[in-house]
Amino acid sequence: MLSWLPENVSSYGSDMDSLLRLILYIVGVWFVLAEVVLIGLLVVYRKKPGKRAAWVPGSNLKQLSWVLLPCVVILGLDLAIEAAGAPVWHTIKQTLPDPDLTVRVSGKQFAWDFTHPGEDGQLDTDDDIKSEFDLYVPVDSVVQFELVSEDVIHSFWLPHLRLKQDVVPGRSIKGWFEVTKEGIYPIACAELCGIGHTTMGARLHVQSLEEHRIWVQSQEPLDEFWEE
Amino acid sequence: MEPSFLRKYVFSVDHKMIAKQYMITGLVMAVLGGYLAYVFRVQLAWPGESVPGFGPVGENVYNALVTMHGTIMVFWVAMPILLAGFGNLLIPLMIGTDDMAFPRLNMVSYWTFLVSSLLLVASFMVPGGAAAMGWTFYPPLSARAEFTGVIWGGHLWILAVALEFASMLMGGINFLTTVVNRRAPGLTMFRLPLMIWMLISASVLFMFSVGPLIAGAFMLLLDRTVGTGFFMPEAGGDPLLFQHLFWFFGHPEVYVILLPGLGVVTEVLPVSSRKTIFGYRAIVYSTIVAGLLSFVVWAHHQFISGINPNLALPFSITTILISVPFAVFLFCCIATLWRGSIRFTTAMLFAIAVIAEFLLGGVTGIVNGSAAADIYMHDTYFVVAHFHYTLFQAVILAMFGGIYHWFPKMFGRMMNEGLGLAHFGLTIVFFNLTFLPQFALGFRGHHRRIANPESFDWLADMQGLNVLSTIGSIGLLLAQIPFVINFFHSMFAGKQAGRNPWQATTLEWITPSPPGHGNFEEAPVVYRGPYVYSPPDSEKDWRPQHLPAGLEGTETAP
Amino acid sequence: MSNHAQPLPAKITTGVPTGRLGIWWFLAGETVIFGGLIVCYVLLRLHHPEWAEHAAHTSWIVGGINTLVLLTSSLTMVQAFKAVTEGKTQRAVGLLGVTWLLGLAFLVIKVFEYTHEIHGGYTILANLFWSFYYLMTGLHALHIIGGLVAIAVVMVRARKGKDLQRVEYVGLYWHLVDVVWIFLYPLLYIAS
């Protein structure tokens with residue numbers, strides 16, 4: 001199962017993958033056990049001439065313990081899964097480490113608009129770099145994003161980063177990621193947003209620090225762009 | 001005096017006829033829902049190709065197909081067949097009474113349901129097409145027609161769903177009052193067949209969860225038609241409010257459609273293994289606990305929706321805890337088989353399959369229930385596979401199990417076991433072929449509600465699994481042919497069934513097959529619990545509920 | 001395993017008449033509907049303190065009069081039920097009639113109230129507070145209309161001395177409609 005996961009290039013991706021592996025093993029064992037018992041009982045206790053069913057109502061604790069004890073174990077494993085998942089959730093959704101870069105991601109029917117800070121490193125200044133479809137970030141850097149929507153609910157989905165966050169109009173939702181490997185990775189929209197949902201996507205370009213710096217410098221700030 | 005044709009078949013107040021009306025309507029809608037799935041699955045496997053029997057599938061058409069498939073299956077197949085259909089058929093019969101407490105209200109509830117079905121089908125034919133916002137209908141997409149181009153299709157969807165809710169609420173009043181106030185003498189609550197417990201639990205869950213969504217439906221309808229802004233941020237409203245209203249209902253709702261199916265399993269298992277159900281009270285209590293818990297898990301559908309992240313852990317914990325009462329339930333069913341003497345009738349095969357397949361649905365629910373894991377899995381095909389591995393069994397397999405089991409009572413004839421075996425085998429094979437690949441697709445990150453997977457490079461090498469899944473779905477639909485043949489042929493030419501072909505202990509098997517108006521020739525009295533099979537103090541391997549102590553051997557034989 | 005014979009009542013019931021049980025279940029469902037709507041309003045209101053200013057334009061006097069009208073109608077409804085228990089059928093029918101007229105008065109006052117508000121520019125689209133106001137009072141008014149139909153049906157049967165138990169049932173429904181208004185009045189008219 002886990003082999004189908006796309007390559008992980010996110011700083012918290014391995015935590016996510018480990019969690020998935022843990023849960024799959026735990027539930028996998030239970031699933032196989034339950035099926036084996038089920039099928040085994042069906043085979044062993046199929047109707048046989050001369051053999052009669054027993055009377056086992058499961059009305060006293062001794063008999064019920066055969067069901068209740070496994071369920072106590074399941075309860076314990078459930079809580080263990082929660083304990084394993086809580087730090088992963090905390091890292092991805094409940095913390096905002098100091099960013100090396102802040103970008104604004106705006107979802108609309110049917111494209112992603114990205115606003116990068118210009119050379120001043122600040123968003124919402126004159127030298128911001130806007131692009132549709134392509135998001136540029138440096139590798140091994142904490143990127144904080146602000147998600148906004150122009151119209152309906154979208155969802156910012158980067159499978160290689162193990163990151164997904166719904167984009168809700170009327171809200172500015174913050175999150176973060178750090179990519180550990182250079183390359184180009186897909187961004188999709190994971191919430192039905194209308195007729196163009198099927199193809200709504202974008203690209204994440206992860207560059208070396210030097211390449212990113214050059215890219216920022218080479219971009220035309222918006223006010224100069226409009227002057228031409 | 002023999003009632004007129006209209007009175008007997010159309011405007012009937014008899015619970016058995018109303019049950020059949022619900023089931024037939026539900027089965028017709030199931031054909032429609034299945035056809036919609038066929039169309040969009042073919043589109044997914046071979047994007048852009050014209051779908052045989054439909055035509056080309058544009059993006060908005062695709063969105064409408066998946067929306068209406070989900071809507072129809074939950075509200076117009078699961079609810080009428082499992083809850084209203086089996087409920088109406090079995091409640092009066094299993095509690096030993098002649099009809100529901102309010103027969104005319106019962107009739108009104110069916111007609112309301114039929115009108116709701118007609119409204120929904122009409123929504124396909126209006127300009128702008130049928131609703132295309134997902135069965136979850138989230139605003140703002142659903143609150144303003146200009147976001148989708150769907151106008152009347154959306155209005156009719158809301159009206160149809162509202163009427164369906166009204167119909168089921170009316171039915172619920174009947175179910176609850178009848179079970180509480182019309183039981184045969186001696187039939188205490190803990191001597192009720194578990195199917196009855198499941199039906200009334202489902203009715204209570206529905207009644208207490210649907211209210212806020214009805215409020216939300218009014219708000220959404222006003223947003224769509226009049227232009228209010230209940231869910232529009234620029235007016236001060238909140239899109240997330242609708243999600244809370246929807247899922248506060250939506251989660252208990254999946255248990256509403258699950259419990260009757262589990263009830264079918266608890267009826268078929270003891271009869272077919274000639275062994276009393278294991279842990280009757282444990283099953284009742286765990287059902288009640290699961291029902292109560294179902295009211296505090298709803299935001300697990302919204303972990304990454306923009307709600308406060310601090311809410312995720314509490315909802316994740318409650319969600320994962322729900323696995324415990326269901327585990328109790330399933331393990332009790334499995335324990336029922338231990339030291340039984342199992343006959344593999346078609347009904348039993350389906351009942352076993354419900355358990356075997358539901359187990360996979362249940363364990364994959366744990367994956368989704370962990371908030372962190374859900375960051376990845378939300379809105380991918382993993383979720384789609386999870387809910388089909390739970391709902392398909394609880395609704396479709398259980399429905400078949402119930403039909404094969406109670407067909408002899410409803411129609412006085414036996415169904416053909418050979419055709420039943422074929423139907424069973426093909427359904428199981430093709431169901432798994434359809435949905436197992438979707439777990440893998442989910443792991444790859446294949447997101448939901450997209451018409452063309454090939455527009456994403458990173459999904460390209462998985463397209464073969466989409467094709468496999470589609471082939472499975474086509475096979476699954478074709479696998480129903482033996483059932484259709486069996487159903488209609490047996491109705492007219494099946495072997496005579498007699499009153500109690502399964503030698504079952506519950507009260508419905510006392511009546512003639514089919515039962516006449518009023519059901520019981522004499523009012524039954526109950527002396528024991530519902531599953532006395534192979535009692536140690538008797539040579540016979542069953543003792544019906546209605547026989548006084550010491551009387552054996554006078555039960556009707558096939 | 002229990003197959004001991006024991007003396008049994010003629011029928012297992014809760015002792016509560018089925019009609020009353022049915023009405024209680026129906027009212028429980030209605031409570032969840034209105035309860036859900038009211039909770040939504042309260043949550044959004046807490047989030048939007050500026051609604052206090054909008055709410056100042058509802059007339060607490062007109063709303064207060066309507067509250068008195070509805071409370072009185074609940075009183076006459078209770079007296080109608082009491083008359084049924086005492087066997088005074090015609091008195092019960094008369095009191096049901098008074099209840100009906102008071103319900104009608106509520107609706108008439110409401111019509112004037114809505115007309116005045118709409119002319120003042122406070123339409124359902126004015127802002128989200130007014131959207132809630134019209135939705136909540138409108139849904140409530142629909143339930144009053146339904147109640148008037150039900151009371152009329154019960155009155156017609158009761159005049160012939162039939163189905164007198166329904167006076168209690170329609171009374172229970174009417175009390176729910178009253179209770180909902182008891183919540184709406186302070187929330188929409190008084191709170192600021």
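A crossing of two helices is left-handed if the near helix is turned anticlockwise from the far one by less than a right angle, and right-handed if clockwise. The model is predicted, so local features need pLDDT of at least 70 and side-chain atom pairs count only at pLDDT 80 or more, while totals for chains, interfaces and linings use all residues. Residues are numbered from 1 along each chain as its sequence is written, and chains are lettered from A and ligands numbered from 1 in the order in which they are written.

Select α2 (15-45) and α15 (463-478) of chain B. Helices (H or I, at least four residues) and strands (E, at least two) are DSSP runs, numbered from the N terminus. α2(B) passes α15(B) in a left-handed crossing.

Next, select residues 101-108 and 111-116 of chain A, strands β1 and β2. These pair (at least two bridges found by DSSP) in the antiparallel sense, over five bridges. The bridge partner of A:S106 is A:D113 in β2(A).

Finally, show both chains: 84 residues of chain B are in contact with 76 residues of chain A. On the chain B side, α10(B) gives the most, with nine residues.

How values were computed: Two residues are in contact if their C-beta atoms, placed from the backbone, lie within 7 Å. Axes are lines fitted to C-alpha atoms, for helices over the stretch in contact, and angles run from 0 to 180 degrees between N-to-C directions.
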